[in-house]
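Reader: Hey, I've just opened this one and I'm a bit lost. Can you walk me through it?

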Amino acid sequence: MADDLRDSALQYHRFPRPGKLAIQATKPMASQRDLSLAYSPGVAAACEEIERDPLMAAEYTARGNLVAVVSNGTAVLGLGSIGALASKPVMEGKAVLFKKFADVDVFDIEVEERDPDKFIEIVAGLEATFGGINLEDIKAPECFEIERRLRERMDIPVFHDDQHGTAIVTAAALLNGLRVVGKNLGDIRLVCNGAGSAALACLDLAVALGVRKENILVCDRSGVIHTHRDGLDQYKARYAAQTEARTLADAVNGADVFFGLSSGGALKAEMVATMADRPLILAMANPHPEIMPEDAKAVRPDAVIATGRSDYPNQVNNVLCFPFIFRGALDCGATTINEEMKLATVMAIADMATTTVPETVAVAYGGQALTFGPEYILPKPFDPRLIDTIPPAVAKAAMDSGVAARPIEDLDAYTRTLSKLVYRSGNVMEPVFERARQNPLRLLYAEGEDERVLRAMEVCVSQRYAKPVLIGRRAVIEARIEELGLPVTPGVDFELIDSQDYSGYPELASEYHILMGRRGVQPEAAEKRVRSRSTILASMLLRRGDVDAMIAGPVGTYGEHLGLVLDVIGLREGVNTAAALQLLILERATLFIADPFVNYDPDANQIAEITLLAAEQVRRFGITPRAALVSHSSFGSSDFDSAGKMRQALALIRERAPDLVVDGEMQADAALSTGVRGRILPDSLLDGEANLLIMPSLDAANIAFTALKVLGNGVSVGPILLGAAKPVHVLNRSVTARGIANMSAFAVVEAQTDR
């Protein structure tokens, strides 16, 4: 691990408070009555109901949405047997993924016990607390016995994700890969390199799907597992083959499919060359696959390839499975995760990749071919359709197979409920990052000396979001890079425009004077301004097309930078109003708020234009905008001018964009709660919770944004400048390095779209 990444990871885990998890009360505790309901004497009522009917635990406690991630730290990915305590950051990380992707609550439980019998007793005793058990990072072969015995003893799902999560996603890739190459499960020859728990689970599921066991060869560190080998445990012995093959090279000769669950570089190009026509290669070792896709393609252009990496097509990632299979299992009260539920998950993932990708997803992953074929056999991990596709399939399979203790009566209504979870996650930025990586463009930072800008620039370099260009004094920037320990070099990792030694000033000053000569800027003043104001210099370079996008700030005031930018860049054709949009990622919602920085008291026409510009930017995130025109008034309850202009703006918006989901004027609670809005105006044209809040004034927008950010511990992205003629954004002084990196990726995506 690079030193800078290690340092960043340690800072991330330590601040602002240690770890990645916290416990938060879900009920108010504001009065003595609240306390009497939460604890004595009121709690007795809930206890009595559960004693009468144990299924009521899901109604009166958090158990129905609570999973234990349990490990003894004996097989931590990439780290080995590091022990329970050292594995805790990994288990906390797994917990965060459960919450982020499927809103499943998790307690991570690290058990310092390597005796399987004692470990089983400890975990079995947790059944009263949890609705499910996710076993994690337990070494083979003990993991097989531990899972089997716990499943026999416990009436809640017990799932070893290292085995079954990997197997489910691999099986989906197998199905779709064979669809692409035109081969049948029953006819293929399959070779698996690796014989650990994940590999054996992958093979078991492949056989369950229809691969013939006699057509499978398995290799471990000692070579092919064959019937004449001694010392095989009972799990490997199930796949011992009658064969003359002894090495991986022997095994893959003529094979149709390769499963790699071993180590980087194990599969050589010369081996791939001997495989059957149109081979399917699933090289899943991480971070270095058994063979890199480009090396395999060099000898077999007809191959379909998947890896565990996010920077190549067809990522085999467990996150496609485990949060969603538990979501479905918990919601129907499944007593186990059986083969029917696993197969239903396989088919849901596989079939989803063959369907037409919705426009919002296509926009979010712009630049990639999201059409079923060799480069797209699995859904993207951040595809929002996963949450409302997999859990219903899992729940239905559980109900059909008789293991659902609380069957779901209306699966369609359940699916609609799940859809709402998409907008409560922080996943909104990941498609932006991935899209930026597809075509990193030249991004200019006007304030290149600022420490936050330098840190964000390094992130963009390491993550390949952009090709950075910095304006600043060379000596200052080089000294700060050294002081911060950033692994970047001017002229190699980024371009540096030395503000003290830049030869292009006279030419740009002449162009600037042409723009500003009739606004009181004389020729000698023009060059002075271009030399002294990096925002002007940056804007001129963007205007001329020397760079693709630009970030101004965060040094100085927002208004000051905005004025300089608009002087040079101007507004887009047909746009009359510049504005700002702020994205706020909260624990329970993802909101866009306009306009917190530019227009003090916009009129109805400006409100309408801001709404349309904001909706356009919301779509860049792959999100369908649902706009609410927010006011102190709800649907005509007030005649004050501020409410009246919002009503006028609504009429203008509907005239200009009849397909936009928008309504107003309304109070904030009506915008964010379908229940509140339904009581006021049942036939409101706003469908679901609003995700775009259009405020009546700068005061209202700025106060709402800053209050929500602080009280909700939100992550902000922005300000996103609306209406400019070029991809340019102005940052405020409070922005963090993380915020600059987020805006950098967004600016690149905007530039990609505008090209």
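Reader: Let's start with β6. Which residues sit on one side of β6, which on the other, and are they buried or exposed?

Author: Keep in mind that this is a predicted model. Ile-216, Val-218 and Asp-220 are on one side of β6, Leu-217 and Cys-219 are on the other, and all of them are buried. The strand covers residues 216-220, so to speak its whole run, and five of its five residues are buried.

Reader: OK. In what sense do β5 and β6 pair?

Author: Strand β5, residues 190-193, pairs with β6 in the parallel sense, over four bridges. Val-191 is the residue that stands opposite Leu-217 of β6.

Reader: And what do β5, α9 and β6 make?

Author: A right-handed β-α-β unit, with helix α9 spanning residues 197-209.

Reader: What about β7, does it run parallel or antiparallel to β6?

Author: Antiparallel: two bridges join β6 to β7, which is residues 223-224. Asp-220 has Gly-223 in β7 as its bridge partner. The two strands form a hairpin, and two residues lie between them.

Reader: Switching to helices. At what angle do α6 and α7 pack?

Author: At about 35°, and their axes are 10 Å apart. Helix α6 is residues 116-124 and helix α7 is residues 142-153. Their crossing is right-handed.

Reader: Which residues in α6 and α7 meet there?

Author: From α6 you have Pro-116, Asp-117, Phe-119, Ile-120, Glu-121, Val-123 and Ala-124. They meet Glu-142, Glu-145, Ile-146, Arg-149, Leu-150 and Arg-153 of α7.

Reader: How many residues of that contact are nonpolar, polar or charged?

Author: In the contact of α6 with α7, seven are nonpolar, six are charged and none is polar.

Reader: Now further down the chain. What's the strand order in the open sheet of six strands?

Author: The order is β18-β17-β19-β16-β15-β20, and the pairing is mixed. β18 and β20 (715-722) are the edge strands, each pairing on one side only. From one strand to the next, the twist averages 20°.

Reader: Let's zoom in on β17. How many of its residues are buried?

Author: Five of five, for residues 626-630. Arg-626, Ala-628 and Val-630 point one way, while Ala-627 and Leu-629 point the other way.

Reader: And which residue in β18 is the bridge partner of Ala-628?

Author: That's Asp-663. β17 and β18 (residues 661-666) pair in the parallel sense over five bridges.

Reader: How many bridges does β17 have with β19?

Author: Three, again in the parallel sense, with β19 being residues 692-694. Leu-629 has Ile-694 as its bridge partner there.

Reader: Last one: which strands does helix α30 lie across?

Author: Helix α30, residues 698-711, lies across β15 (579-585), β16 and β20. The helix runs at about 155° to β16.

Technical notes:
Residues numbered from 1 in each chain as written. Predicted model: local features only at pLDDT ≥ 70, side-chain atom pairs only at ≥ 80, totals over all residues. Heavy atoms only, no water. Buried < 20%, exposed > 50% of the residue type's maximum accessible area, 1.4 Å probe, protein only. Pairing = 2+ DSSP bridges. Right-handed = clockwise from strand over helix to strand, strands pointing away. Axes fitted to C-alpha atoms, helices over the stretch in contact; angles between N-to-C directions. Left-handed = near helix turned anticlockwise from the far one by under 90°. Contact = heavy atoms within 4.5 Å. Nonpolar A, V, L, I, M, F, W, Y, C, P; charged D, E, K, R; others polar.
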